[in-house]
Structure formats: structure tokens, C-alpha cells
Amino acid sequence: MRIRLDPWPVDTQDGQLTLKPFAGLVFNAETEAWSAIAPREIPARLSKVLVVDGKPRMEARLLLDDENGGLSLAGFGAFVAGAVDLCPHGSRQAELLEVAAQRVLAYSNEGGATVEMTRLSPRNPHTGRLEYTPHVFSGSQLEGAKSKVQRLMLDAEAELSHKLASALPLDEHDPNALPDTLVLQDGPVRIGGAGRAVLGYVKTLHTDYLGADRIGLLGTLKPGERTPVLRFRVGDQGGGQDSEGREQRFTWYVRLCDPPFYQHPLAGVMRLEMHAPEDSDFVPRGVLDIANLSGRLLCRLASQPHKDARAPQNLIPTAALEQAMGRAMGSAELVTRRIRSHLARELGKEAVA
């Protein structure tokens, strides 16, 4: 038995590797030959790459009580969805786009309470204007507010990616199918976002889509090389028609760097994902073009261990965007103080009345 190290630090939410077997079916989409495919250069036609990511944060847990004595759970939260605009050929500086915080008052629909927008007063020079827009969530679970903020962030990510990406033709032979603008979205692509040039990059390997007979190829990939493109259906449980899943996806794996000898052999591997058209057994030319350039592009954007604990999968633009999103939300400590001061003043007014 040999012991290998998972490269990600233990204080992250999850490790980089879990490999729970995918329950559904996975099909060959590009070729029947299961072997490494060499990277290709990035065509001049691709002039813009945007890296999209989001960041949620809970700022306070709340308990709402109405005039009839009913109680319900709620929470103050914030989220940001932003992008980094960069040139894949290195001809211009990268630029941050749309990095602005949105604040949420997430509350349960169980209590029947009527909730209005909450504006914290007075305005603070360090945290600015804080306005929490009400959003309802179903049920009365303790984590309901947190889940609602996370859902709103994911929806904002998907909307931003769809807005920024070029349209992606689904023709098999169109020589001009490669778009001029490609969006790299942190995590899997979202349900309902087909038809745009959005490439989801999954930093962790928590689900095994390959099986024991194919996963060995990942350990032999060289930097920039990829696997052939596969096809699967999201949510496929492999148990009959009712569990066949929702949307079809293309997926493939790319190696970003060679791992040190003491780390597991999949340490430098990333899984990529794009929407697949329904009822088709081919890979559209645009998707194949993106797959062919993905290794070269992602190797250029991969982070280094001395700069990022989640290297190489936490891409350099992603790390920069995470820092900018944290600044946009402001100091969590200062925001918490403002929430307490605001509630103290409001409750004090009620007590005087």
C-alpha cells in the first residue's frame, strides 16, 4: 500500500479528490479510442475569454416574530457574481467586470410574515449603504436562508455567463463555429443555459464518470493533454426512465501540471463541462474546437502552489476575482457591527413607543 497526499489544505470545505461513482450512463461522444489527445494552439478567432465566479456570505441569522406571535427563521446575506475579462493571447491587461455586492434578507414562507426591504442606518463611511432585499425560501430549515443566498448567487452567475458568452452553433461541420468570446464558469454549467459558449470548469474530482477501466488514463496525461469528449445526462441515476436525468452534457478531463511524486496522480487534473444538444450522437464543431484549445488555455491560467493553496485548479483569474468580490462585500466584522447597531436602535424605538 502506498500513501499519497491530497494537494488541497485540510481547512478547505472539501478535498480535491473523492471519486464517488456516477450512477448513470456515460457514452463516447468524440471517438471510440480511449487515449490522450494533444493540445492545440489557441486560434486567433478567439479574442476574448471571461472567467465568471460568484461568492456568497451569510452575515447574520435572524428570527422574525409577527403580531400574532408567529416565529420564522431568516437571515441577512450577501453575494457577488463577477467576471475577469482577459485576452487569451496576452495582448492586453485583464479587467474586472460587474463586481458589485447584492444583499439579501432571506426569510421562510412558513410564518406568513410580510417582509420589506431593510436599509441599515445610519450610512457608514466604511461599509456604505447596506440595503437587504427580501427573498422568500420554502420550509423552515435552519440552513434555508444560507441555501437561498447560495441559489441567488448561482442564478446570478448563470445569467452573467449567458450574457457575456457568444452564441455557440450546434452544427457538426461549421468551420466558423469557434466563438470569439468564451466564458469559463467556475463549477458545472447550469441547467437551462444551452446555446452559449460557456465552459464549466470543475476544480474537484468528487464524481467518477470514467470507471475503473478508464480512470487510469488521467494519471498518464501530460500537461495540456486531454481525454476524449464524453456525454452524460445530469441526474441520471441508472434506474429506469424516471431517473434518466434532465440535460445532456459533454465532459472531458485536462491535465494542468505534473503533480509532485508525493501527491496522488490526479492532483493536476481538472474536469470540464459544456451543454450537449438533445438527441444527437455527435460533438458540435464549436464544442470540439473549445475542447482542443482548452488544455493550452488552462495551462496558461493555472495557479502555482506557492501562490494559491488550491493550485493548479484555482485559476489565477479566479483567485483575483475572489479577492475583488470579498472587497465588494466589505468587512464581515464591520457589517455585523452595523446590523447589531441598527437592530438595537430599532428595538429601542419600539421600547420607547
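Predicted model: local features only at pLDDT ≥ 70, side-chain atom pairs only at ≥ 80, totals over all residues.

Student: Which residues of α1 are buried, and what do they pack against?

Tutor: The buried residues include Gly144, Ala145, Val149, Leu152, Glu157 and Leu164. The buried residues of α1 pack against β3 (48-65), β4 (71-86), β6 (101-108), β8 (128-137), β9 (181-186) and β10 (198-202).

Student: Why is isoleucine 42 called buried?

Tutor: Its relative accessible area is 9%, and buried means under 20%, so isoleucine 42 is buried. Isoleucine 42 lies in the loop between β2 (26-28) and β3.

Student: What does isoleucine 42 touch beyond the residues up to four places away in sequence?

Tutor: It touches Pro88, His89, Leu293, Arg296, Leu297 and Arg300. Isoleucine 42 and leucine 293 are separated by 251 residues in sequence, while their C-alpha atoms are 5.4 Å apart in space.

Student: Is glutamate 247 buried or exposed, and why?

Tutor: Its relative accessibility is 15%; the cut-off for buried is under 20%, and therefore glutamate 247 counts as buried. Glutamate 247 is placed in the loop between β12 (230-233) and β13 (248-255).

Student: What makes the pairing of the side chains of glutamate 247 and histidine 275 a polar contact?

Tutor: The distance is 3.2 Å, and a polar contact requires N or O atoms within 3.5 Å, one able to donate a hydrogen and the other to accept it, so the pair qualifies. The side chain of glutamate 247 also makes a polar contact with the side chain of arginine 249, at 3.4 Å.

Student: Which members of the largest nonpolar core touch the most other members?

Tutor: Of its 38 residues, these are Leu182, Leu184, Leu199, Phe250, Trp252, Leu272 and Leu297. Elements giving two or more residues to this core include β9, β13, β14 (269-275) and α4 (316-329). The largest share, 7 residues, comes from α3.

Student: What does leucine 182 touch, leaving out residues up to four places away in sequence?

Tutor: Among its contacts are Leu46, Val49, Leu199, Ile290, Leu293 and Leu297.

Methods
Residues numbered from 1 in each chain as written. Heavy atoms only, no water. Buried < 20%, exposed > 50% of the residue type's maximum accessible area, 1.4 Å probe, protein only. Helix = DSSP H or I, 4+ residues; strand = E, 2+ residues; numbered from the N terminus. Contact = heavy atoms within 4.5 Å. Core = buried A, V, L, I, M, F, W, Y, C linked by side-chain atoms within 4.5 Å.
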